[in-house]
Amino acid sequence: MTAGILLSGQTRGDWVELSAAGSWTAEYASAIEPQVETATRGITARAIAININRIEYLDTYGAWLIERTMRQWATEGREARLVGLREDFRGLFEKVHAGTQTLSAPPPRPNSIVATLVSVGMTMSAVAADLYLFVQMLGSLIAAFGRVILHPTSFRFTSTVHQLERVGWRAVPIILLITVLIGAILAQQGIFHFRKFGADIYVIDMVGVLVLREVGVLIVCIMVAGRSGSSYTAELGAMRMREEVDALRTMGFDPVEVLILPRIIALVIAVPTLTFLGSMAALYGGGLVAWLYGGIAPEVFLTRLREAVTINTFEVGLIKAPFMALVIGVVACVEGLQVQGSAESLGEQTTNSVVKSIFLVIVLDGIFAMFFASIGM
Amino acid sequence: MAVDRKAPIIEVHDLVVDLKGHRILNGVTLDVYRGEILGFVGASGAGKSVLTRTIVGLLPKQKGRIDVFGVDLDHAGEVQRQEIERRWGILFQQGALFSSLTVGENVEFPIREYLDVSDKLMTEIAITKLEMVGLKPDVYRKYPSELSGGMIKRVALARALALDPEILFLDEPTSGLDPISAGDFDQLILTLQRTSAMAVFMVTHDLDSLHTICDRIAVLGEGKILEAGTMDTMLKSQHPWLKAYFHGARARVLHAVAKN
């Protein structure tokens, strides 16, 4: 293709005739556009003709640039005419000419103060809506659970076991690895600082209480929220995008009973189990570091641990686990069902799910701490 | 455009493609000429989409040679390859619109990436394209999730046409459309093809499309091109699958009438 593109003016009586030549195609559109502007700017004549006889190649871009010039001329109340239209370009010009280009103006932008206030208001109402959805989901879960108790045959046992394998069994290695490391780090830090006061031995009290009451369950919950909560949200979201949830509903199934109840029951079983395993692993990691780094023999560690922690300490950690599992599961499922059509929305809801469930787990932990303190556990 | 109608724009020579250990295409040879609409048929699972995806470079090939615009794709450098990709447009079966962008942004996407035109011209071209495919300009600000299936196909077509391609690949463009919309869509492709003289490579199952708009038909089966030619060639062919495909339903109806 030859690049030459020009619009040169020639006055013929009342008329100005512009002549276009060369390739009027997408490739050269960026060069042609300013040329058209310059060529038409100074023209004072009442009528204009564009001779396109010498155009070799033409596509939508070129045709539109010519059409646009003619339209502009027409809106100024002047006369515009197309000359030398080749037969093989006629269809293209007709198509382009038929376009109306009537795009409604974009919605006006509110000023920045209003916009800030609006976004604060929207966030607050979103928080309220979240709370409402959370409670609603909890309600439908309880209702579904009630139905399952009344009709045990409708319980999705296979699905529950499958989910249990995914969120429980397959999470064991990573949970053990992380909690061993956490226990080890706690013990190492404890020994390092307590040694200054000659109180190395108290590291066992610290690790024991901390791991069993707080750290074990929190680490497990954060891991589960990131690992299983996010996958719940993504799965349910994808199912919603592909109308699978709607399909279930039209077949007379309750999505909460079919999809969500098995997932949450699996989580409620898995999290306490993982918490138990995780706590044991953390104690093991702590004991190992105490022995290798702090020189506290395993027998001493065990004896001291038995004195430092009571069954209460252990119970406090474990009681919290199923409640936290419920929060993670409900948040994940609520977020999943809110996914809209786009891929971006799926990503956004998954992020929300993880962030909100970790936040709520920590808030819940705080509430439990106050509760246990007031009942003296 | 002054084009030599006999010049092949895509040349596929002796193409072999394996997928997960299965030989899907075993020696496919096919030419697509400038300015023609080639209908591409074959049983489900015969490898029609595989051939399309291999030509556009989404699947690796085991053997063979693909020339597009006279350039061997194996030996095309990065720049040359991009230049070729700019000159073809692809309409995927499900539309494959970017769900996080508006309709307008979807159509503008290839323009923004490949051409250095002003924002004003870009918007105008996008709207022109949308109107060309029979949509109202007000879809410009909508998101793909707000559109119906037929509209998604049209927007996807507008995006495929955004750079005024010389080759248009269509993967079952009329599947999932009602017969009237499908007929409209066929006419739309025909008009657009006639106005811009592009080559259209259309994978389809729609006998109506084959009859009304295709200049030539190629049939894929047993990993090879069974037959390529005009509708008449297809109707005269003695190959059992072709006979079943092009005479099937009608033949059965005729038998039923004869029996009664």
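Two strands are taken to pair if DSSP finds at least two bridges between them. In the predicted model, strand 6 and strand 7 (residues 167-171) of chain B pair over four bridges, in the parallel sense. Within this pairing, Ile90(B) stands opposite Phe169(B) of strand 7 of chain B.

These strands belong to an open sheet of six strands in chain B, arranged in the order 6-7-8-3-9-10 with mixed pairing. Its edges are formed by strand 6 (88-91) and strand 10 (224-229) of chain B, each of which pairs on one side only. From one strand to the next, the twist averages 15°.

Two helices of chain B accompany the sheet. Helix 5 (residues 149-160) of chain B lies across strand 6 and strand 7 of chain B and runs at about 165° to strand 6 of chain B. Helix 6 (residues 179-196) of chain B packs on the sheet, where it touches strand 3 (37-42), strand 6, strand 7 and strand 8 (199-203) of chain B. The direction of helix 6 of chain B makes about 155° with that of strand 8 of chain B.

In chain A, helix 9 (residues 255-292) and helix 11 (residues 311-337) pack at an angle of about 145°, and their axes are 8 Å apart. The crossing of helix 9 of chain A past helix 11 of chain A is right-handed. Residues making the contact include Ile264(A), Leu267(A), Val271(A) and Phe276(A) of helix 9 of chain A, and Phe314(A), Leu318(A), Ala325(A) and Cys333(A) of helix 11 of chain A. By class, this contact between helix 9 and helix 11 of chain A comprises 18 nonpolar and two polar residues, with no charged residues.

Notes
Residues are numbered from 1 along each chain as its sequence is written. Chains are lettered from A and ligands numbered from 1 in the order in which they are written. This is a predicted model: local features need pLDDT of at least 70, side-chain atom pairs count only at pLDDT 80 or more; totals for chains, interfaces and linings use all residues. Side-chain values use heavy atoms; hydrogens and water are left out. Axes are lines fitted to C-alpha atoms, for helices over the stretch in contact, and angles run from 0 to 180 degrees between N-to-C directions. Contact means heavy atoms within 4.5 Å. A crossing is left-handed if the near helix is turned anticlockwise from the far one by less than a right angle, and right-handed if clockwise. Ala, Val, Leu, Ile, Met, Phe, Trp, Tyr, Cys and Pro count as nonpolar, Asp, Glu, Lys and Arg as charged, and the others, Gly among them, as polar.
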